[in-house]
Amino acid sequence: MSGELSAMPPPARRAHRYPPPRPNAVDVPEEYARLRAEEPLAPVVLPSGDAGYLVSRYEDVRAVLSDPRCSRAATVRPEAPKLTAVPFDAGGLFTMDPPEHTRLRALVSRAFTPRRVARMRPRLVQLAGSLADSLADAGPPADLNAAFAFPFPVAVICELLGVPYADRERFRTWSDAVLSLTAHTPQEMLRHKEALLAYLARLVAAKRREPGEDLLSALVTVRDEDGGLTEQELLTLAMTLLIAGHETTAGVLGTSVFTLLRHPGGMARVPDDEEELSALVEELLRINPLGDGGPLRVTTRPVEVAGHTLPANSAVIASVCSANRDGSRFPEPDRFDPGRFDPARARTGTAAGHLAFGHGPHYCLGAPLARAELAVALRTLADRFPTLRLAVPVEDVTMHTGLLVNRLTRLPVTWD
């Protein structure tokens, strides 16, 4: 995506609906394979009704994610095309570019470093173990989504931020609406987002009166004593961390367990060796992306993408879901291969080359924590429930539709 721009304009073809329909709960839309082969830059109609372009090949997706001309900040301009009827707010991590994004990210990045996450690991093990105890006490069958995959990452992010765990069902309803593509009406999205922001404003006020050792208290201090945040930035950042800190991990944990259970060996494929476990996590992240695409980008200047020139103010979706199934990067890309990634390098989070956490300045700052949560959760489930298996036929497991994130509706399981 560098060098002189091609004279070729974007393809004038029939626009596709985005996101394309899935064949089942976890397999990626079949349309992506055709698009990679025939239309690597495809015109699409976004859920908002605006026009955009879908980028599907690995190298093109990676390039878009790191190109400063493909802007997140431009998406909140009044004249910019929108992904949904109610876009993300300005002033947040999802809608900023460097250097403003760099400033905001620096305020929270230290909470998610690999070293900090390593210190958190005993607590992760404890939280996962407690949920596994409750699951065992209740007995089979169970909905693993409701009993484990959702409450585990929620408990982790609540502790980290200083948000009451007892409020989890309330903010899950709110966050689902914020992450809606088509599942909620614009009125519902606005109402739930305003309710979540009002909740966080009350929580911030409580932290001002009685600060704790949590991340939200630290951010309040940055706001009040150092002036490093505006009040709106504080609330938007808190909302982003709360939503992103549980929704994506809960989704990929459920789909990861389902992936294991629908293949021979089931939970027995979860290794004891830490490096091999890390490699398994990377393959599960590759094959079960967090969502079909990611936050929208809008071009600020003409940009060459997949051999065509996109004009300024073009909406671009870089499909991580498609890129992670690109056979030019991953041999036999649709095959689940727990040994695909080098174990020693996977342990450090540097080996995979998949784009589940993005790429470039907006690479997910919570990636070390998400990797640790997945590893701890899978190891806990494999140890406590070695005979874990689906309680329904594979085809009866379905995915929520109309959301930015991939999440199973239910995961019915049983065990001996």
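# Burial, pairing and enclosed space in a predicted model

Q: What makes Phe152 count as in contact with residues elsewhere in the chain?

A: In this predicted model, Phe152 is in contact with Leu124, Leu127, Ala128, Leu131, Leu253, Glu373, Val376 and Ala377, once its neighbours within four places in sequence are left aside. Contact requires heavy atoms within 4.5 Å, and each of these residues is listed as a contact of Phe152.

Q: Which residues have the most contacts inside the largest nonpolar core?

A: They are Phe152, Leu196 and Val257, in a core of 95 residues. Helix α10 supplies the largest share of this core, 14 residues. Apart from it lies another core of 18 residues, including Leu41, Val303, Val316 and Ala323. Membership of a core requires a buried residue of a listed nonpolar type, joined to others through side-chain atoms within 4.5 Å. In soluble globular proteins, nonpolar side chains tend to be buried together.

Q: Why is His246 called buried?

A: The relative accessible area of His246 is 0%, and buried means under 20%; His246 is therefore buried. The residue belongs to helix α10. Its contacts, not counting residues up to four places away in sequence, are Phe150, Pro153, Val154, Ile157, Phe171 and Ser175.

Q: Why does Ala372 count as buried?

A: Ala372 has 6% relative accessibility, and the limit for burial is under 20%, so Ala372 counts as buried. Ala372 lies in helix α14 and touches Val117, Arg121 and Leu124, residues up to four places away in sequence not being counted. The C-alpha atoms of Ala372 and Pro114 are separated by 9.2 Å, although the two residues are 258 apart along the chain.

Q: Why is β3 described as largely enclosed by the rest of the structure?

A: Of the 5 residues of β3, 4 are buried, so the strand is largely enclosed by the rest of the structure.

Q: How do you know that β3 pairs with β2 and with β9?

A: Pairing requires at least two bridges between the strands. Strand β2 (residues 41–45) is joined to β3 by 5 bridges and runs antiparallel to it, with Ala42 opposite Leu54. β3 (residues 51–55) and β9 have 3 bridges in the parallel sense. Leu54 has Ile317 as its bridge partner in β9, and Val55 stands opposite Ala318. In the hairpin of β2 and β3, with 5 residues between the strands, Gly49 takes a positive phi near 100 degrees.

Q: What makes β6 and β9 a pair, and in which sense do they run?

A: Strand β6 (residues 297–299) and β9 share 2 bridges in the antiparallel sense, and at least two are needed. Val298 has Ala315 as its bridge partner in β9. From β9 (residues 315–318), Ala315 and Ile317 point one way and Val316 and Ala318 the other way, and all are buried.

Q: Which residues of helix α2 are buried, and what covers them?

A: The buried residues of α2 (residues 58–66) are Tyr58, Asp60, Val61, Ala63, Val64 and Leu65. Their cover includes β3, β4, β6, β7, β9 and α12.

Q: Why are β5 and β10 said to stand at the edges?

A: Three strands form an open antiparallel sheet in the order β5-β11-β10. β5 (142–143) and β10 (389–390) each have a single partner strand, so one side of each is left without a neighbour in the sheet. The link from β5 to strand β11 (residues 412–414) consists of 2 bridges, and Ala142 has Val413 as its bridge partner in β11.

Q: What is the division of the lining of the largest cavity into nonpolar, polar and charged residues?

A: The lining divides into 27 nonpolar, 15 polar and 6 charged residues. The second largest cavity holds about 190 Å³ of space. Its lining has 16 residues, and Thr75, Leu83, Pro87, Phe88 and Leu296 are the closest to its centre.

Technical notes: Residues numbered from 1 in each chain as written. Predicted model: local features only at pLDDT ≥ 70, side-chain atom pairs only at ≥ 80, totals over all residues. Heavy atoms only, no water. Buried < 20%, exposed > 50% of the residue type's maximum accessible area, 1.4 Å probe, protein only. Nonpolar A, V, L, I, M, F, W, Y, C, P; charged D, E, K, R; others polar. 1 Å grid on protein atoms, 1.4 Å probe; cavity = no way out; pocket = protein on both sides within 12 Å on 5 of 7 lines; lining within 4 Å. Points joined across faces, edges and corners; volume = space filled by probe spheres on them.
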